[in-house]
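Reader: I'd like to learn how to read a model like this one. Can we go through it feature by feature?

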Amino acid sequence: MGTIREGAGAGIGAGVWRAPGRVNLIGEHTDYNDGLVLPIALPHAARATVRARQDGVLRLYSEQSQGPAVELDVRALTPGGVDGWVRYPAAVVWTLREAGYPVGGADVRIDSDVPTGAGLSSSAAIECAVAAAFNDLHGLGLDSPEMARLAQHAENTFVGVPCGIMDQMASLCAQPGAALFLDTRDLSIRHVPFDIESAGLRLLVIDTRVKHNLADGEYARLRAACQHACAVLGLETLRDVNPQDLLGVLARLPRALVPMVRHVVSENVRVEQAVALLEGGDLRGLGPVLTAGHVSLRDDYDVSCAETDLAVNAAVEAGALGARMTGGGFGGSVIALVDSNIALTVAGTVKKAFHQARRRTPRIFAAVASAGARRIS
Ligand code: ADP
Ligand code: MG
């Protein structure tokens, strides 16, 4: 570790790292089933200004959290022992230490413009910015997938959220102008061209500003149900279901598990369809795949809600090529693929539909596929 001198700026032992939020194009509730996902990194990101300390104190401050800085002793970090937003950066430091990496204290200042709790992975953005910072500051030599695994472990174990690995992989590995085709079974990735602006299209992200309380409990229930289906089928994971055998496989399941398995298996197929379309330059063709994904999440996986359905329906009725809820469900965000010349009209129509339904006005922005985590100073 380098010597830290006051006033040294982002010199040895200090710097600024930036890690983006993400939005998933297609492949929902597949990442904890060893399946396929296709996220893009957002232009929105968490910036972590990090300066190593020699005294074992982890001092955490966020421009967005309103509260004062929190000081923790890195040696005393334990899962369940920390509350509030500081769990996310503390989780990464704890995980690195648990894995045997010689990391100590630091001053960490977070400044993020990723909307929080909107299904756009503001939490992974913080984790990945902090992981990248500690990796560089301590010369750990971790590659991006290794950092993603550690950050996911941090969120699962220390924060207590049983998320899959998509968010961290997207934040760490994405490239500008490309979607990240990730096979969560072996973490193999392929960068798939997704230059929507050149194609005359826009990807609208519609944050419904709704998060229904059942989200966390339901997520755990859905994961358990997928494991139950695997146990009934004698399979390690639902990825082992060959889509061509789907009907026969469904016939062997208790009725309650049929729609869920149908979603997971058909969703992997939709990801492959989407990749083929994008690699063939047919970005417009993605629209119907998105809408089919929404129908499956709504009717089979049963994770949509009135607000996400409202946004999808309003966008499609206003001329979107396709739309779907994105993220875990029960609120959060919707994406809509639209011709650029009607993007404003579609956004206006969606807002009007929310107004008429007496819901909060959604936040809508156009996203482009952006860069993954990196050091910026
Ligand atoms: P998502 O990751 O979809 O935004 P989560 O519930 O997983 O939703 O993570 C949101 C949480 O992450 C917030 O409640 C907060 O604890 C933390 N968080 C995100 N961004 C910030 C920030 N800029 N400052 C402090 N905490 C943040
Ligand atoms: Mg999150």
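Reader: How do the residues of the shell around ligand 1 divide into nonpolar, polar and charged?

Author: First, the ground rules. This is a predicted model, where local features need pLDDT of at least 70, side-chain atom pairs count only at pLDDT 80 or more, and totals for chains, interfaces and linings use all residues. Residues are numbered from 1 along each chain as its sequence is written, and chains are lettered from A and ligands numbered from 1 in the order in which they are written. As for classes, Ala, Val, Leu, Ile, Met, Phe, Trp, Tyr, Cys and Pro count as nonpolar, Asp, Glu, Lys and Arg as charged, and the others, Gly among them, as polar. Here the shell has six nonpolar, 10 polar and no charged residues.

Reader: Which residues come nearest to ligand 1?

Author: A residue is near a molecule if its C-beta atom, placed from the backbone, lies within 6 Å of it. There are 16 residues around ligand 1, and S62, W85, S112, S122 and S123 come nearest.

Reader: Which element gives the largest share of the shell?

Author: Helices (H or I, at least four residues) and strands (E, at least two) are DSSP runs, numbered from the N terminus. The largest share, three residues, is from α2. Both β6 (106-112) and α2 (122-137) supply at least two residues of the shell.

Reader: What is the strand order in the open sheet of three strands?

Author: Two strands pair if DSSP finds at least two bridges between them. The order is β2-β7-β8, with antiparallel pairing. β2 (36-37) and β8 (188-193) each have a single partner strand, so one side of each lacks a neighbour in the sheet. Between β2 and β7 (residues 178-183) there are two bridges, and L36 sits opposite D183 in β7.

Reader: How do α7 and α8 run relative to each other?

Author: Angles under 35 degrees count as roughly parallel, over 145 as roughly antiparallel, 65 to 115 as roughly perpendicular and the rest as oblique. The axes of α7 (residues 258-279) and α8 (residues 286-301) come within 10 Å and cross at roughly 170°. The two helices are therefore roughly antiparallel.

Reader: Which residues in α7 and α8 meet?

Author: Contact requires C-beta atoms, placed from the backbone, within 7 Å. Among them, P259, M260 and R262 are on the α7 side, with L286, V289 and A292 on the α8 side. By class, this contact has 10 nonpolar, five polar and four charged residues.

Notes. Axes are lines fitted to C-alpha atoms, for helices over the stretch in contact, and angles run from 0 to 180 degrees between N-to-C directions. Two residues are in contact if their C-beta atoms, placed from the backbone, lie within 7 Å.
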